Protein chains: 2
Amino acid sequence: MIKSETVRQILDHYRVIWALGHAQSVMGWDSETYMPEEGIKGRAVARAEIAQLIQRFMLDEKFVKLIERAEEEKDLTDIERGIIRTLKRDLKFYQRVPPEVVKEFAKVTSEAFVAWRGAKEKARFDLFLPYLERIVELTRVVAEKLGYEEHPYDALLDLYEEGLTSRDVETVFSVLEPGIKSLLYKLESRGWPRRHPLEDVPYDKAKVEAAVMEVLEFVGYPKARFRVDVSPHPFTVGIATPFDVRITVRYRGVDFREPLFSALHEYGHALYELNIDESLAMTPVGSGVSLGIHESQSRFMENVVGRSREFAAKISPTLRKHLDFLAKYADDDLFYYFNVVRPSLIRTEADEVTYNLHILLRYRLERLMVTGEVKISQLPELWNNEMDRLLGVRPRNDAEGVLQDIHWAHGSIGYFPTYTLGNVVAAMIYYKHGKIRELVAEGNLASVKEYLREKIHRWGSVYPPKELLSRGFGETYNAEYLVKYLDEKYD
Amino acid sequence: MIKSETVRQILDHYRVIWALGHAQSVMGWDSETYMPEEGIKGRAVARAEIAQLIQRFMLDEKFVKLIERAEEEKDLTDIERGIIRTLKRDLKFYQRVPPEVVKEFAKVTSEAFVAWRGAKEKARFDLFLPYLERIVELTRVVAEKLGYEEHPYDALLDLYEEGLTSRDVETVFSVLEPGIKSLLYKLESRGWPRRHPLEDVPYDKAKVEAAVMEVLEFVGYPKARFRVDVSPHPFTVGIATPFDVRITVRYRGVDFREPLFSALHEYGHALYELNIDESLAMTPVGSGVSLGIHESQSRFMENVVGRSREFAAKISPTLRKHLDFLAKYADDDLFYYFNVVRPSLIRTEADEVTYNLHILLRYRLERLMVTGEVKISQLPELWNNEMDRLLGVRPRNDAEGVLQDIHWAHGSIGYFPTYTLGNVVAAMIYYKHGKIRELVAEGNLASVKEYLREKIHRWGSVYPPKELLSRGFGETYNAEYLVKYLDEKYD
């Protein structure tokens, strides 16, 4: 597979970086699932030391030279080019952003996380304000150091989604915003369910867990390479992609949609990592290429498949078997329960239709923050006005407004748009394939999964996101499909 | 705590070595508990890479020089001296044993493990013979490179138990062998139970698990720093001593003594790591000092405490609550079930009295193997004769004879005597304290644990084993206590 001697040497050097990343993944997974509480005292030190080590090996002079040399070689294969491309992306950050900035960023965000948690509890934005101000300042420095063509925000977008620009995002939202608003208006006038009694039904955790596991078995996972655990926040981790990929779910005790659809969501992420070609394992291109593409896989499984009428009908016997309280509900009831549409305040609880307006709000504010066009102290007011304008609801306090998400406290600015990108690409896949719902109705998930494997999964990070989409589907982020998909589904 | 600037620099450098060891511990624990089967494909590579990295950082020239410089400093504190002593021990192996030998040893033992497993299944020593021959040859090279004063076996003993010599082991067995043999003779003539009906009673795994967890709660563990999982072979691991220490247990479905006492055994190991002084965390002296001292803690908890009449009486209500089949048995029945004595073939199933004769056999054979006084092909015959001579039983085949233990396939020669050392020290602690059984009868385990903490645990590896024992108990390995303890218990 690897023909270039230089790339072979690069992979030899990279193996220890991969091994350290593997260790970080195991430690991360363990921290969220089984680690005893006080274990954090050792874990934090170990993870920080190993993160430093990874950086040191990445910046190793010989390694950097090898990468530069390989870049000049002609006749590289696609995989070899992918390896050089992804390594150069990683190096760019380390080389351009001064270590002092990285260090201060780490310090500020870890303090900011604590401040944010307290501020959210007390619904007091002022407690978080100075931290966010500093984070935005540092983010601006990072953007300048990384460089951009049109807008500093583009440098940040690219950190999470290779090659994504404000222009792309604007184009997407220029279609989505009117499309969703007009759909919302129609749904309201036609009386699409805004609430469902099942939302308030408490459940037995063990029974819902059994049902969720059976649904996961129906969608099909490789037992020897996959596991499901419980954690406070659901996540997917490719411990050693594609040989060992794990997801987590949580059970809160009321409204069983949450664990069901978060399990399907994480399973979509997992499937991506599980289907990456084995020959790419332990190389820089051996995992999913970007957050947006990853999110397209989880949204596809959660929404396009999981929230379809056909899927609801298919899993309803399993759900009824485990959950007595479903006896009086028909399959169609389940479908409406899964697809309630209601403008609301909290992004993570939003339905398929309104979700992207939550992202649009954040995208707009982030761009203003990064250029300094808005003072951070004005954010809550701006947030609330924008919620009103986009969704017709207004937060009663900052906890359910500007303070709701953890991302800014983490320093992740430029991240949110990848969620919408994921929804856009999921709808594209739906139409490009053409027969997803028929296959779900037949229970033929294997064929759907094979399609995703061929078009997306197997390639890992060999091609950048836009190229991957163009190769598989003939176009990149076309939001028309998402509007059409929503219009048809909620017709 | 650290006054020497040199030692401070040593600890700074050591932190990354500690972090890598921490990662190895988490990965090791995960491999035995939760890792999906095929995860091994990535895990094996990651662990090998990180092991190499640890070696590289240990042999770093600057680090070695710092250690040498610190060694010459006067006025080092006990802790500082302990740090230098333990690092020099680690370095000694890396520096004296050529990398080719280490590499071949790793290769041969990993092949030998597979060969041993097959040979044991088929009860055919000849399939394992060539591997064991090569392992013994390499072990002899290692012993020569490490150096010794009296006997090459001493170099191997020292690898597992700092400062232990054949002379020490001979002295121990010169007391133990006649003592145990005469006790066995007495027990037989007086009709001490050789079997108990409870040995054959099948159990519900979940119920025994609940009972074991309740017994562990009775002996008391710090919930925020400890956890129990299930694995094929029970073990203890200090993931980040003393903040995160974990044990595992297995449930085979018959004879509930096994999970009960292996849980207490592993808990004894865990307690040692949990009680090491927090100020030693993440330093080279921040974990248990040797296998023998570690085993003394597990044997103390398992046998001296766990198999006492007082403990049986104390936990019998818990056991009865969970296990219906105990209704017809009195507390004394439990005591005899826990303390059946029967010369038998398999070390890991041996009782407290005969156990050390199994070790004596292995010790004798290992010494003959290392000097070449016996041909490896003669081992099965020698083994069987020695079993007959020591215990009056004779294996019907090599699977229940010379092939039973994994240690030689792992290349662990010189390891077995630490088990007996552990039993010896556990009995010493019993008499040095003087009132263990009274405290167990009162249910006052906290006081017993505090004693162990003060005498052994808190010191980590600050003092070498013999010095630790001398400081705490005024003498080192005195086997008279073990003979006395057994004589009194089985009277």
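**Cavities and symmetry**

User: Which residues line the second largest cavity?
Analyst: This is a predicted model, where local features need pLDDT of at least 70 and side-chain atom pairs count only at pLDDT 80 or more, while totals for chains, interfaces and linings use all residues. Residues are numbered from 1 along each chain as its sequence is written, chains are lettered from A and ligands numbered from 1 in written order, and side-chain values use heavy atoms, without hydrogens and water. A cavity is a set of points, on a 1 Å grid over the protein atoms alone, where a 1.4 Å probe fits but cannot get out, and lining residues have an atom within 4 Å of a point. Here the lining is R362(B), W383(B), G401(B), V402(B), Q404(B), D405(B), W408(B) and F416(B).

User: What is the volume of the largest cavity?
Analyst: There are two cavities of 30 Å³ or more. For the largest, the volume is about 60 Å³.

User: How many charged residues are in the lining of the largest cavity?
Analyst: R299(A) and E352(A) are among the residues lining that cavity. The lining also has six nonpolar and three polar residues. That leaves the charged ones, which number two.

User: What rotation superposes chain A on chain B?
Analyst: The shift along the axis is 0.0 Å, with an RMSD of 0.0 Å. The two copies are thus related as by a two-fold rotation axis. The rotation is 180°.

User: Which residue of chain A has the C-alpha nearest the axis?
Analyst: That C-alpha lies 2.9 Å from the axis. The residue is A23(A).

Methods: Least-squares fit on C-alpha atoms with pLDDT ≥ 70 in both. 1 Å grid on protein atoms, 1.4 Å probe; cavity = no way out; pocket = protein on both sides within 12 Å on 5 of 7 lines; lining within 4 Å. Points joined across faces, edges and corners; volume = space filled by probe spheres on them. Nonpolar A, V, L, I, M, F, W, Y, C, P; charged D, E, K, R; others polar.
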